[in-house]
Amino acid sequence: RWLELISLRNQGRLREARVLNETGTMAGIAAPLAAPLAPEVLNRGILALESGDAREAAAVFTRDWQQTTTAGLSPGLEARYRAWRATLAGMAIAATGDTLAVSRLADTVEYWGQRSLYGRDRRAHHYLRGLVHVAAGRDDDAIREFRSAVYSPTLGFTRVNLELGRVLLRRNRSREAAAMVAPALRGEVDASNLYVTRTELHELLAHAYAQAGEPDSAAAHYRVVVRSWANADPEFRGRREAARAWLARHGQADRPLASR
């Protein structure tokens with residue numbers, strides 16, 4: 001189910017993904033599971049966020065963060081758990097527009113992150129502070145914070161790559177945006193990379209290369225978008241058709257799929 005959910009998210013088939021997560025089965029599976037699976041909380045929050053239901057996502061991730069940690073954890077693991085779960089809660093709360101709550105969580109993440117031995121946790125508060133700056137229209141400050149949040153461009157928290165790429169693109173710094181987003185495609189599809197789909201990364205890369213005047217590179221990524229969202233939910237179809245239209249305008253629609 002875990003891998004199937006990742007696949008469905010990348011295809012923009014979020015309705016089916018939510019059914020699969022809640023019931024353990026979906027249309028097209030040859031046989032029902034021998035034993036039903038309980039809904040997976042992490043995926044419930046991710047799917048709510050990607051479906052545009054920020055309040056549900058915030059509620060899910062906040063409840064998860066507020067839960068008591070497993071007894072017997074070492075101080076370092078306790079700090080790692082609290083810093084990471086608070087980061088995810090802040091990610092979702094930011095989508096609701098409550099920047100005051102996100103700022104408070106950034107302080108919480110900084111507190112616990114300094115007590116974690118994992119480098120990602122020590123930098124995660126910068127990601128939340130970057131989101132607050134984005135909401136306030138302070139792009140230069142957001143860029144500084146997002147850059148400070150990068151633990152690994154391939155195996156770090158790839159929401160950072162996404163958000164930094166978006167701000168850089170908005171500032172017409174397209175080559176910097178591409179250099180930041182491309183490494184995220186060379187990481188894993190789960191772990192810290194779970195929280196953004198590869199299709200979204202391809203779409204952002206296509207925009208960056210198009211703005212940078214590199215149409216062949218842009219086309220390679222737009223083709224992935226068109227193919228991946230071929231059977232997507234209605235909310236993705238406008239973006240898919242925009243990618244298809246760009247390919248048609250630039251005479252790239254019928255060329256073979258390339259990768260970068």
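The model is predicted, so local features need pLDDT of at least 70, side-chain atom pairs count only at pLDDT 80 or more, and totals for chains, interfaces and linings use all residues. Residues are numbered from 1 along each chain as its sequence is written, and side-chain values use heavy atoms, with hydrogens and water left out.

Colleague: Which residues of helix α2 are buried?
Modeller: Buried means under 20% relative accessible area, exposed over 50%, partly exposed in between (1.4 Å probe, protein chains only). Helices are DSSP runs of H or I, at least four residues, numbered from the N terminus. In α2, residues 14–23, the buried ones are L14, A17, L20 and N21.

Colleague: How many salt bridges does the structure hold?
Modeller: A salt bridge needs a side-chain nitrogen of Lys or Arg within 4 Å of a carboxyl oxygen of Asp or Glu. One of them joins D141 and R144, with the closest N and O atoms 2.9 Å apart. The total is 25.

Colleague: What separates R244 and E241 along helix α13?
Modeller: Their salt bridge has its closest N and O atoms 3.2 Å apart. R244 is partly exposed at 37% relative accessibility. E241 is partly exposed at 35%. They are three residues apart in α13, so the separation is about one helical turn.

Note on methods:
Helix = DSSP H or I, 4+ residues; strand = E, 2+ residues; numbered from the N terminus.
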